[in-house]
Amino acid sequence: MSRFFDNPYDEYNESIHGTETTTIVNKDLVVQLVKDFTATILTETKKSNYKLRDDLYVGEAGIAFMFWKLSRSREFKHLFPCLEHASSYIQRAYEISESKPSEDSSSIAAFLCGKSGINAVSAVISHDLGNHDESRRLIADFLKGHVICNDNCKADEMLVGRAGYLSGAYWLNQSLPTKPIKNEVIQDVCQTIIKRGRGYSRARRYPLPLMYAYHESDYLGAAHGLCAILHMLLESPWFMKIGCEFNNISVTKLNDIKASVEHFLLIQDADGNFPTKYYNSNKKLIHWCHGCAGVIYLLAKAYLIFNEDKYLEAARKCADLIWGQGLLRKGPGICHGVAGNGYAFLLMFRLTRENKYLYRAAKFMEFLTTDTFKNGARKPDRPYSLYEGLAGTVCFLVDLLQPSVAHFPFMDVFDVKYNEI
Ligand SMILES: [Zn+2]
């Protein structure tokens, strides 16, 4: 059986579908879906057979993040006691975390699947509740991960590695007015990432300057692989522009990062996709975690930083493939599901302001309501979670009604996320 449902929708046509956001996106349907999904999450996560976990990826912290996102949305913040719900889910995340047997110290730095993610989201929720001392204490806890990133963190990817830690640092700077994570901390982690990538690439003779492995596999996708690691490097203060020049990056670092980013253009296939691993990849997936729906963020960021059309063209090819083959049977989530692929269109809409991308995102939302999807999609293992389940879907729906600020959780490419000197 195919991994995806056939796309039943026509291409965008201005004269049929209109040019206003309000005609392209069915707002009433989005609001109803958010209400329904949120009610389901609140009910199901209280049941005795609900599988508890603490982290952002598929645990309570991820649901806390969703309620926090609702609390910052003009459309939804008055529909629920959002921050109170966020606070109780993050509290439950800590209770689960503290009841676990003592973990490897690298968990302190792990973001999507570890402690630094819980601390970051908790710090922002505390800030928004007016508990500023508590927020500062949690940021101090988040910063304990910096030391681990320098020393004994074994991974560089997004779920438990340094790129994930950086994505948390950037998100804290985006979400809090004080931008609490200093440029020196960000650059320090980036420096370690560069050093490790050069070392691994040289030792294994890869034809690009930076390469990494996770559990001995040279992944390329956003969850475990190279594209998100490079994306997080491009977000750093190294790329702060002073006049026409980057301020704070050596020529050798710039060349190594840029050559590694450009390598993605060489390995993009004719359809627009990428292998899951550099060598021995036996499949091509169209997910955020593996394949073009994750690589598209790197291409968009590279386009914004280097201002070269080749990156935009490559991103357009990703988006066209996602439109054709992105209605995944795996479920509604953002890691490997319909909402995650829908997010790629919201990215392209912000990047190009072309209505066809907003239309495509809206159609992916509508597909969630069809009998084809409801009867034919698989139920994820963690059906209410941020990355596999409905909490992530709700984030996508919230962003569909605020497309000018929409971004995949912790993968924004537009804001400046460091302190501008
Ligand atoms: Zn996935």
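**Entry 1: ground rules.** I take helices (H or I, at least four residues) and strands (E, at least two) as DSSP runs, numbered from the N terminus. This is a predicted model, so I noted that local features need pLDDT of at least 70 and side-chain atom pairs count only at pLDDT 80 or more, while totals for chains, interfaces and linings use all residues. Residues are numbered from 1 along each chain as its sequence is written.

**Entry 2: Ser-122.** I started with Ser-122, which lies in helix α6. Is Ser-122 buried or exposed? For this I call a residue buried if 20 or more other C-beta atoms lie within 10 Å of its own, exposed if 12 or fewer, and partly exposed in between, with C-beta atoms placed from the backbone. Ser-122 counts as buried because it has 26 C-beta neighbours inside 10 Å. I then looked up its contacts, where two residues are in contact if their C-beta atoms, placed from the backbone, lie within 7 Å. Leaving out residues up to four places away in sequence, Ser-122 touches Ile-90 and Leu-138. I also checked Ile-96, 26 residues from Ser-122 along the chain, and found their C-alpha atoms separated by 14 Å.

Entry 3: I moved on to α5, which has 18 residues. From first C-alpha to last, α5 reaches 26 Å, close to the 26 Å expected at 1.5 Å a residue; the expected span is 1.5 Å times one less than the number of residues. I listed the buried residues of α5 as Cys-82, Leu-83, His-85, Ala-86, Ser-87, Tyr-89, Ile-90, Ala-93 and Ser-97. These buried residues pack against α4 (60-71) and α6.

For angles, I use axes that are lines fitted to C-alpha atoms, for helices over the stretch in contact, and the angles run from 0 to 180 degrees between N-to-C directions. The axes of α5 (residues 82-99) and α6 (residues 115-128) come within 10 Å and cross at roughly 150°. That makes α5 roughly antiparallel to α6. My cut-offs here: angles under 35 degrees are roughly parallel, over 145 roughly antiparallel, 65 to 115 roughly perpendicular, and the rest oblique. α5 passes α6 in a left-handed crossing, the term for a near helix turned anticlockwise from the far one by less than a right angle, with clockwise being right-handed.

Who meets whom? On the α5 side I have Leu-83, Ala-86, Ser-87, Ile-90, Ala-93, Tyr-94 and Ser-97, and on the α6 side Lys-115, Ile-118, Val-121, Ser-122, Ile-125 and Asp-128. By class, this contact of α5 with α6 has eight nonpolar, three polar and two charged residues. I count Ala, Val, Leu, Ile, Met, Phe, Trp, Tyr, Cys and Pro as nonpolar, Asp, Glu, Lys and Arg as charged, and the others, Gly among them, as polar.

**Entry 4: α7 with α9.** How do α7 and α9 cross? The axes of α7 (residues 132-150) and α9 (residues 183-204) come within 9 Å and cross at roughly 25°. That makes α7 roughly parallel to α9. The crossing is left-handed. His-146, Cys-149 and Asn-150 in α7 meet Val-185, Asp-188, Val-189 and Thr-192 in α9. I sorted the contact of α7 with α9 into three nonpolar, three polar and one charged.

**Entry 5: α10 with α11.** I found α10 and α11 packing at an angle of about 140°, with their axes 10 Å apart. That makes α10 oblique to α11. Cys-227, Leu-230 and Leu-233 of α10 make the contact with Ile-257, Ser-260, Val-261 and Phe-264 of α11. The residues of this contact divide into six nonpolar, one polar and no charged.

**Entry 6: α12.** I found α12 mostly covered, with 12 of its 15 residues buried. Its buried residues pack against α10 (226-234), α11 (251-267), α13 (309-325) and α14 (338-352). Just after α12, Asn-307 takes a positive phi of about 55°.

Entry 7: Most residues other than glycine have a negative phi. His-215, in the loop between α9 and α10, has a positive phi of about 45°. His-215 counts as exposed, with 9 C-beta neighbours inside 10 Å. Phe-410, in the segment after α17 (390-400), has a positive phi of about 65°. Phe-410 counts as buried, with 23 C-beta neighbours inside 10 Å.
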